Amino acid sequence: MNLGQKILVVGAACALLTVLSMIVFGDNGLIELSRLRAKERMMAGQNQALARENIDLYRIVDRLKNDPEYIETIARNELGMVGKDDIVILRPRER
């Protein structure tokens with residue numbers, strides 16, 4: 001192998017290493033691809049959680065619109081309201 005061929009082989013090896021390093025470490029390289037895939041998995045999980053929350057909220061809204069017993073339960077438990085025939089007993093406050 002003469003000197004010209006050796007220089008050509010070394011130059012080709014350097015070019016190959018440069019291209020390989022750009023594939024791995026470049027702006028759109030394998031490391032960036034791995035990071036983006038992890039971010040996509042995280043966002044897909046968040047989307048699923050939000051979808052479940054949306055379904056739960058839809059059911060609550062539907063019950064609030066159409067279920068008088070549910071409305072009464074909410075009024076009693078969260079708003080402290082009493083029914084027409086309920087007896088209210090007040091206790092003195094503890095100090």
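**Notes on the helix packing**

1. Helix H2 (residues 30-66) packs on helix H3 (residues 68-79) at about 100°, their axes 6 Å apart. That makes the two roughly perpendicular (65 to 115 degrees). Axes here are lines fitted to C-alpha atoms over the stretch in contact, with angles running from 0 to 180 degrees between N-to-C directions. Helices are DSSP runs (H or I, at least four residues).

2. This is a predicted model, with local features needing pLDDT of at least 70 and side-chain atom pairs pLDDT 80 or more. Numbering starts from 1 along each chain, and side-chain values use heavy atoms.

3. Who touches whom? On the H2 side Ile60, Arg63, Leu64 and Asn66 make the contact (heavy atoms within 4.5 Å). Their partners in H3 are Pro68, Tyr70, Ile71 and Ile74. By class, that contact has six nonpolar, one polar and one charged residues.

4. Just after H3, Gly80 has a positive phi of about 70°.

5. At the start of H1, a side-chain oxygen of Asn2 comes within 3.2 Å of the backbone nitrogen of Gly4.

6. Confidence (pLDDT, from 0 to 100) averages 88 over the chain. H1 is lowest, at a mean of 82, and H2 highest, at 95.

Methods: Angles under 35 degrees count as roughly parallel, over 145 as roughly antiparallel, 65 to 115 as roughly perpendicular and the rest as oblique. Ala, Val, Leu, Ile, Met, Phe, Trp, Tyr, Cys and Pro count as nonpolar, Asp, Glu, Lys and Arg as charged, and the others, Gly among them, as polar. A polar contact is a pair of N or O atoms within 3.5 Å; within protein, one must be able to donate a hydrogen and the other to accept it, and residues adjacent in sequence count only if both atoms are side-chain atoms. pLDDT is the predictor's confidence in each residue, from 0 to 100.
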